[in-house]
Amino acid sequence: MTISRTYHDVEGSVYILPADKAETERLSLQHRVLTRSFRDRLWTAPLDIQQLEGADVLDNATGSGAWLFDLAKRCKDAGVTAGHLIGTDMTDKQFPQLKLQDVGAKSDGAPSLQIANALALPKEWTNRFTLAHQRLLTFALTASEWPRCLSELHRVIKPGGYVELSETAHTLFKYPIGTPGDRFVQQHLFPLMDHLGLSKVLPTTMEEMLIEAGFVDVRIVEVDIPLNEKRGAEAKEASRNFHDAFCAFSEAVVKAGLVSADETGHRALIDAVRNQWNREDVHHKFVAWSARKP
Ligand SMILES: C[S@@+](CC[C@H](N)C(=O)[O-])C[C@H]1O[C@@H](n2cnc3c(N)ncnc32)[C@H](O)[C@@H]1O
């Protein structure tokens with residue numbers, strides 16, 4: 001497997017996935033897949049879109065800004081004039097060329113995408129946001145960085161405001177031993193996660209970490225996303241999305257020097273995993289946590 005993708009160049013970050021056009025397209029597809037799975041909701045916190053009138057919203061580690069653009073459109077459709085809609089990421093490699101105004105955001109202030117590290121958000125943002133959203137940093141933050149990230153989110157949310165997180169729980173999924181899924185997880189994914197200090201049990205520790213960061217009223221919503229393509233067009237999209245992510249993981253494993261660069265072997269394994277998803281009707285579990293800053 002040749003290293004064909006473009007990655008971020010942020011020093012100190014362990015983030016695994018590429019930061020190129022193909023990954024930007026995958027993030028758009030993934031946004032569709034995930035939003036649909038959460039019954040077309042952008043958040044699970046008990047917050048009505050009307051409550052965003054005049055409110056500042058943060059999308060931390062926004063990637064391509066898919067969630068934020070969707071929010072801007074929904075605010076417009078609902079006749080809500082939010083305050084500032086801000087997307088941050090440690091790199092701008094996947095920021096769209098499009099300005100939020102182009103998709104019809106009706107923000108009074110200047111909506112913006114800017115570079116900021118989730119571990120050190122701007123000092124002047126203390127007590128600012130009514131809603132802070134963050135999705136899919138499982139493969140970006142080490143186990144020891146998570147408390148700092150949650151503490152930063154707590155700092156920038158205003159009292160009474162909400163944090164909304166969502167992450168994959170597929171690392172907890174038990175494929176039957178010796179099957180392709182199990183081999184992929186045990187021989188590729190977990191060694192890579194161990195090598196980088198990532199948490200393989202993040203979903204089981206998140207609630208406690210949120211409480212330790214000072215949040216209250218933690219709510220948890222789990223969804224199961226079918227990956228069996230025989231279930232129809234939506235499952236096909238989900239399967240394509242996670243298959244592409246698995247390909248990127250495999251390249252990351254090779255890049256880290258943890259397995260040989262045997263091109264056909266890796267592809268064959270990932271294709272066998274996909275066949276297993278169809279054969280055994282595998283689902284990909286995702287979890288959303290919402291919590292309030294008192
Ligand atoms: C899997 S992508 C998810 C993007 C977006 N949240 C979404 O769901 O479409 C993870 C993103 O986190 C960003 N990231 C990784 N580590 C970060 C950090 N320490 N601070 C800010 N952004 C980070 C990456 O650059 C990437 O854009």
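## Crossing of α3 and α5

The crossing of α3 and α5 is right-handed, a crossing being right-handed if the near helix is turned clockwise from the far one by less than a right angle, and left-handed if anticlockwise. This is a predicted model, in which local features need pLDDT of at least 70 and side-chain atom pairs count only at pLDDT 80 or more, while totals for chains, interfaces and linings use all residues. Residues are numbered from 1 along each chain as its sequence is written.

Helix α3 (residues 146–156) and helix α5 (residues 202–212) have axes that come within 9 Å and cross at roughly 50°; helices here are DSSP runs (H or I, at least four residues), numbered from the N terminus, and axes are lines fitted to C-alpha atoms over the stretch in contact, with angles running from 0 to 180 degrees between N-to-C directions. The two helices α3 and α5 are therefore oblique to each other, given that angles under 35 degrees count as roughly parallel, over 145 as roughly antiparallel, 65 to 115 as roughly perpendicular and the rest as oblique.

## Packing of α1 and α2

Helix α1 (residues 21–37) packs with helix α2 (residues 66–77) at an angle of about 60°, their axes lying 9 Å apart, and α1 and α2 are therefore also oblique to each other. In this contact (C-beta atoms, placed from the backbone, within 7 Å), Leu 27, Ser 28, His 31 and Thr 35 of α1 meet Ala 66, Trp 67 and Asp 70 of α2.

## Ligand shell

The ligand is surrounded by 22 residues, of which Ala 61, Gly 63, Met 90, Ala 118 and Ala 140 are the closest, and α1 and α2 each supply at least two residues of this shell.

Technical notes:
Contact = placed C-beta atoms within 7 Å. Near = placed C-beta within 6 Å.
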